[in-house]
Amino acid sequence: GPAEAVTAFDQALAAAPQSSGAAVGRAAALVALGRVEDAVVWLVDVVTRHPDNAEAWYNLGILAGGQGQIETSVGAPAR
């Protein structure tokens, strides 16, 4: 299930910290567990460490936008 997937992605990321697929997959598994805020926090951390990770930015935008948090999540100026 999703909890096992989070553990598996953690193991994959320990072996390959740059893995975009594992980073995004971990976020998807958190969402499947109903942990959307944790997924947003995780993706913010990923893009902070790997700002060229377009897939993580894309997924962060979708999640944060769905939460109404896009400005605070990515540091965009408030309107």
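## Close-up views of the helical chain

**View 1. Asparagine 53 touches Ser20, Val46 and Val47, leaving out residues up to four places away in sequence.** Contact here means heavy atoms within 4.5 Å. This is a predicted model, so local features need a pLDDT of at least 70 and side-chain atom pairs count only at pLDDT 80 or more, while totals for chains, interfaces and linings use all residues. Residues are numbered from 1 along each chain as its sequence is written, and side-chain values use heavy atoms, with hydrogens and water left out. Asparagine 53 sits in the loop between α3 (36-49) and α4 (54-67); helices (H or I, at least four residues) and strands (E, at least two) are DSSP runs, numbered from the N terminus. Although it is a loop residue, asparagine 53 is buried because its relative accessible area is 9%. For this and the other views, buried means under 20% relative accessible area, exposed means over 50%, and partly exposed is in between (1.4 Å probe, protein chains only).

**View 2. The side chain of asparagine 53 has two polar partners to look at.** One is serine 20, whose side chain meets that of asparagine 53 in a polar contact of 3.0 Å. The other is the backbone nitrogen of glutamate 55, which the asparagine 53 side chain reaches at 3.3 Å. A polar contact is a pair of N or O atoms within 3.5 Å; within protein, one must be able to donate a hydrogen and the other to accept it, and residues adjacent in sequence count only if both atoms are side-chain atoms. Serine 19 belongs in this view too: this residue of the α1-α2 loop has its C-alpha 9.4 Å from that of asparagine 53, though the two are 34 residues apart in sequence. Serine 19 is partly exposed, since its relative accessible area is 25%.

**View 3. Arginine 26 lies over the face of tryptophan 42, at 4.4 Å from the ring centre.** The rule for a charge over a ring is NZ of Lys or CZ of Arg within 6 Å of the ring centre and within 35 degrees of the ring normal. Arginine 26 is part of helix α2 and counts as buried because its relative accessibility is 14%. Its side chain also makes a polar contact of 2.5 Å with the side chain of aspartate 10. Setting aside neighbours within four places in sequence, arginine 26 is in contact with Val6, Phe9, Asp10, Leu13 and Trp42.

**View 4. Trp42, Leu43, Ala56 and Leu60 touch the most other members of the largest nonpolar core, which has 18 residues.** α1 (2-15), α2 (20-32), α3 and α4 each supply at least two residues of this core. Such a core is a set of buried Ala, Val, Leu, Ile, Met, Phe, Trp, Tyr and Cys residues joined through side-chain atoms within 4.5 Å. Beyond residues up to four places away in sequence, tryptophan 42 touches Leu13, Ala23, Arg26, Ala27, Leu30 and Arg49.

**View 5. Valine 6, in helix α1, touches Arg26, Ala29, Leu30 and Leu33, not counting residues up to four places away in sequence.** Buried or exposed? Valine 6 counts as buried, because its relative accessibility is 9%.

**View 6. Leucine 33 lies in the loop between α2 and α3 and is in contact with Pro2, Ala3 and Val6, leaving aside its neighbours within four places in sequence.** Leucine 33 is partly exposed, since its relative accessible area is 35%.

**View 7. Zooming back out, the chain has 5 helices and 0 strands.** From the N terminus on, its elements run α-α-α-α-α. Of its 79 residues, 29% count as buried. Take the contacts between residues at least 6 apart in sequence: 35% of them join residues at least 24 apart.
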